[in-house]
Amino acid sequence: MSVNSHCMHTSRLLLYVGIVLLGLVHFTSIDAQVLRIRVLDIETGEGLPEVAVIGPTDTLLGYTGGDGFFEANIDLSWKWLRFEKKGYESNRTLLDSYRQKALQEMVVYLIPAVEVSNTADEVTIVEADIEDAQEDLSTLLQASRDFFISTAAYNWGPLRFRIRGYNSEETPVYINDVEMMDFERRRIYWGLWGGLNEVTRRRYTVVGLTASDLFFGGAGGGVWMDMSPDAHRAGLRLSTSVSNRSYRYRLMASYTDEWKDIPLRYTVSSSVRWAEEGYIPGTFYKAFAYYLGMRYRPNRYHQWDALLFGAPIRRGRATAATMEMYRIAGSHYYNPNWGYQDGRKRNARVAFANIPVFILRHSWYASEDFTLWSSFSIQGGANGSTALNWAEANDPRADYYQKWPSYFTDSTVKHQLAEWLHADERNRQIQWEYLYLTNLNNFTSIDKVNGTDDGISGLQSLYIVEQRRYDYRSLQWTSKAFWRPAERLTVVSGVQALLFKKYQYKIVDDLLGGDFWLDYNKYETDFVKQQYNLDRPNSIARVGDTIGYNYRALIQRYRLWSMLFYQLPQLDFHLGFQIGWTGYRRKGLWRNGFFPDRSKGYSELKVFLPYTLKTQLTFKASGRQYVLFQAMYQTRPPAFSNAMISPRTRNDFIPKLEMESLIALEGSWVYRAPSLKARITGFYTLIKNGIRHRSAFFDSDNARGLDEGEFGNIILSGIDRLHRGVELSAEIQLGYGFSMGLAATKGAYRYASNVKFLIFPDDSDQPLPLDSFVYVRNFRLPGLPEEAYALELRYNGRRYWWLSLKANYLGERYLDFYPYRRTRDFTRGLVREDPLFEKIVAQERVPGAFTLDLFGGKSFRWGPYYLLLTVNASNLLNNTDIITGGFEQYRVRNYPNGYPNLNIFPNKYFFAYGRTYFVNVSLRF
């Protein structure tokens with residue numbers, strides 16, 4: 001990109017920012033009125049004295065009297081008031097200026113500081129149902145989860161359900177206005193705040209295209225979390241949990257000082273989660289989490305919030321396996337990633353992360369109709385996973401295909417090997433002792449190492465454990481302004497600037513008894529092509545040294561967005577736009593032997609100019625019925641991880657790289673009444689021109705033109721994906737403490753086009769001369785249940801206990817597939833009527849899944865002390881045959897007649913846990 005072009009884009013962005021900021025300098029005052037409020041204890045119905053009433057600018061308005069009454073001048077533009085009292089849940093009650101005109105008095109209930117719901121979210125009780133008495137109808141808000149959302153998260157999530165089949169990039173997550181994402185892969189890593197349940201309770205969730213004045217959002221909506229100290233309940237909370245899932249035990253503690261009319265407030269929180277072995281053999285879990293939040297408010301106009309949190313973790317991983325391996329092991333939880341070392345289980349695939357996050361936010365409450373929030377964040381640290389690596393030695397993996405009976409043709413050998421593997425668990429796991437013994441018997445002398453004339457002698461490791469690192473650093477600045485120029489009009493505008501750097505490299509983690517590792521490409525014979533780093537040929541590596549590849553992914557992103565909300569008595573209108581500038585660049589730190597002149601240094605700067613338009617109409621048919629229509633059109637760059645041919649070895653972007661486009665339409669009918677809450681939504685989303693990148697080792701049979709054992713890059717482009725379907729959610733109050741919930745969705749998540757197909761060998765500028773299309777039109781998107789249903793019966797007892805039973809069914813799920821098998825090149829010589837043709841190209845469908853889940857709890861109160869006991873049991877029927885996903889292997893072998901033999905590399909599968917439980921005890925005072 002030329003300097004002039006870059007300056008032009010920068011000037012254009014500054015002009016857009018200037019236009020928005022100039023448009024946000026006008027303030028308009030709104031009349032105030034006297035509002036009479038009464039605050040009651042929900043248990044006794046008695047008025048509560050000394051309840052702090054706090055305005056939206058966090059100004060103390062005063063305290064309730066002895067009978068719970070409070071009168072104050074309330075500005076009609078205010079959106080909410082907060083009520084705080086020690087021993088009670090904080091209540092942040094939404095205001096509706098039109099409703100207050102008719103009512104003139106608002107009743108607010110405070111709940112003793114115990115949970116009474118079956119989710120971890122806050123519970124807010126507001127005034128009685130009065131919608132039908134109003135001339136102007138309140139705007140539809142989705143500040144809390146409906147039954148469909150909670151079911152999708154807690155009950156369907158373990159079965160890999162995703163709302164509307166979307167990837168996480170369609171539903172951004174914001175913490176104090178900072179977008180939380182791995183921008184190189186465009187994926188959200190929820191583990192960044194794992195274990196911090198106590199400080200992530202205050203969240204605002206939007207599904208689909210429903211408008212929010214807190215964030216612009218994506219096709220799947222968004223999640224906005226407030227982690228500032230003011231969002232947390234005052235007091236000390238301790239909890240302990242036991243489970244038989246990924247971790248066995250959890251300890252949590254948090255403390256927030258009591259709200260006072262002083263400038264400083266703080267919250268501290270931490271947790272520990274661990275398991276020597278999780279539900280699947282060979283896995284373990286060791287996690288710690290910490291949080292410190294400080295709030296400083298020198299006056300009514302300004303507030304500073306500073307947050308520091310992190311969640312360091314190490315956990316042993318499991319992986320998919322073939323049905324043959326599960327059958328021989330006698331369990332659907334066979335895990336080939338571990339083996340015994342000195343009598344203890346050791347996992348070769350250990351995931352780890354330690355990425356602290358710091359956020360500083362300034363809030364300027366200029367007036368009741370203008371507020372400006374500005375946030376700055378720094379985050380970054382270590383992230384990666386370990387794996388085995390080996391030089392000229394036998395494959396050490398326990399699931400290597402040549403170690404299993406299906407590889408052999410002799411029936412006697414098959415039978416004997418199956419019996420041997422089944423007889424002893426150690427026989428089907430990693431042989432750590434063998435790896436150490438091999439290294440200890442490999443004394444070697446090597447000349448001219450590290451690019452010098454020096455030699456080295458010692459134990460050369462043929463097997464090592466390496467760390468594959470994906471560290472990153474991120475700087476982000478956001479600013480968001482709320483402007484109310486008229487009584488019915490609200491404008492929200494924002495800017496974002498992001499600098500993101502991903503560090504991609506490998507290091508030696510364990511030499512397994514050896515003295516050093518010779519870092520070279522074992523699949524090449526040419527000396528130059530063998531070198532990962534030509535500036536240091538014959539590189540010798542020890543523990544902690546970098547090996548294999550070493551490069552940086554550099555991403556810059558600038559965004560400007562604005563949203564308009566206009567409210568009429570029976571119609572709400574929303575219009576939003578977003579424009580941006582995104583730049584990608586690779587920086588290679590090594591000169592790779594495949595591309596000596598195009599691997600080190602900076603690549604070209606690839607620039608994209610994405611934009612988004614969205615709109616919403618809400619018809620308020622009555623105080624209980626709403627009809628919504630929404631639409632969105634978006635262009636966006638591909639993820640950096642999909643944009644380059646082979647970022648490990650070169651600076652080349654994929655030829656003719658273009659942006660994706662997305663069009664989404666949505667319509668909903670919503671009904672809200674005390675005895676019934678219901679929602680029906682229809683949605684249609686078409687995502688065009690997607691790109692998918694995958695790297696794999698190939699046999700000569702996999703793709704004509706590749707050598708045996710060659711590494712290649714599979715690039716699929718022009719991918720069109722269609723997501724369409726309907727959602728239903730209903731909650732019905734049956735009386736006498738009983739209620740019923742229903743959630744259902746029926747969708748179609750398909751490839752809407754055939755896909756362009758290229759294979760680039762790792763050492764070549766040119767793709768293989770293969771047929772250029774993968775014929776997958778109408779194939780299902782893999783791993784996504786297209787239909788899901790849930791029915792819950794719940795009972796709430798009078799003495800704060802509850803019990804719910806939920807039945808779930810998920811169906812229409814399909815495995816991921818190997819694209820090359822759906823090309824003419826792979827199936828040439830076969831006619832469509834041949835049974836082998838259908839076996840090759842068909843996408844495997846897995847059976848539907850039915851589960852029963854039980855949840856219950858009881859709360860107790862002794863003076864200022866509150867105890868909560870909750871018990872959750874999932875998959876009560878202990879169904880261990882539920883397949884949650886899987887994939888076709890990216891390898892194939894041919895029969896002697898040249899036709900594919902699909903039995904050598906069969907499909908691999910993941911299975912859901914059987915019966916699990918989670919018991920939690922919390923004490924708060």
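A residue counts as buried under 20% relative accessible area, as exposed over 50%, and as partly exposed in between. Phenylalanine 738 has a relative accessible area of 37%, so this residue is partly exposed. The model examined here is predicted.

Confidence was considered next. The chain averages a pLDDT of 87, and 88% of the residues score at least 70. Over residues 1–31, however, the pLDDT is below 50. This stretch has 37 contacts in the model beyond near neighbours in sequence. Residues 97–104 also have a pLDDT below 50. For that stretch, 25 contacts are found beyond near neighbours in sequence. Where pLDDT is low, the predicted coordinates should not be read in detail.

A search of the whole structure finds 45 aromatic pairs. One of them joins phenylalanine 738 and tyrosine 795. Phenylalanine 738 belongs to strand S39 (residues 738–751), whereas tyrosine 795 belongs to strand S42 (residues 787–796). The pair therefore ties together parts that are 57 residues apart in sequence. Tyrosine 795 counts as partly exposed because its relative accessibility is 23%. Tyrosine 795 also forms an aromatic pair with tryptophan 801. That pair is tilted as well, with 5.2 Å centre to centre and 55° between the planes. Tryptophan 801 has a relative accessible area of 35%, so it is partly exposed. Elsewhere, ring pairs link Tyr400, Tyr401, Tyr407, Phe408 and Phe905 into a cluster.

Two arginines lie over aromatic faces. Arginine 300 is placed over the face of tyrosine 301, at 5.5 Å from the ring centre. Arginine 346 lies over the face of tryptophan 432, at 4.3 Å from the ring centre.

The largest nonpolar core holds 41 residues. Within this core, Tyr334, Leu388, Ile430, Trp432, Leu435 and Trp517 touch the most other members. Several elements each supply at least two residues of the core. Among them are helix H5 (411–423), helix H6 (432–440), strand S23 (370–390), strand S26 (463–486) and S51. Helix H4 (323–329) is also on this list. H4 gives the most to the core, with four residues. Leucine 435 touches Leu388, Pro396, Ile430, Tyr463 and Leu512, not counting residues up to four places away in sequence. A second, separate core has 39 residues, including Met181, Phe183, Val223 and Ala311.

Burial is also seen in helix H3 (residues 147–156). Eight of the ten residues of H3 are buried, which leaves this helix mostly covered. Among the buried residues of H3 are Phe147, Phe148, Ile149 and Trp156. Ser150, Thr151, Ala152 and Asn155 of H3 are buried too.

Proline 761 and glycine 712 are 49 residues apart in sequence. In space, their C-alpha atoms are 4.3 Å apart.

Strand pairing was examined last. Strands of a sheet pair through backbone hydrogen bonds, either parallel or antiparallel. Strand S27 (residues 489–510) and strand S30 (residues 546–567) run antiparallel and are joined by 19 bridges. Here isoleucine 507 stands opposite threonine 546 in S30. S30 also pairs with strand S31 (residues 571–588), again in the antiparallel sense, over 17 bridges. Glutamine 556 stands opposite glycine 583 in S31. A hairpin of three residues joins S30 to S31.

A further open sheet has three strands in the order S18-S51-S48, with antiparallel pairing. Strand S18 (321–322) and strand S48 (883–887) are the edge strands, and each pairs on one side only. Four bridges connect S48 with strand S51 (residues 908–911) in the antiparallel sense. Lysine 908 in S51 is the bridge partner of phenylalanine 887.

Notes: Residues numbered from 1 in each chain as written. Predicted model: local features only at pLDDT ≥ 70, side-chain atom pairs only at ≥ 80, totals over all residues. Heavy atoms only, no water. Buried < 20%, exposed > 50% of the residue type's maximum accessible area, 1.4 Å probe, protein only. Pairing = 2+ DSSP bridges. pLDDT = per-residue confidence, 0-100. Contact = heavy atoms within 4.5 Å. Core = buried A, V, L, I, M, F, W, Y, C linked by side-chain atoms within 4.5 Å. Phe/Tyr/Trp six-rings, centres within 6.5 Å; stacked < 30°, edge-to-face > 60°. Lys NZ or Arg CZ within 6 Å of the ring centre and 35° of its normal.
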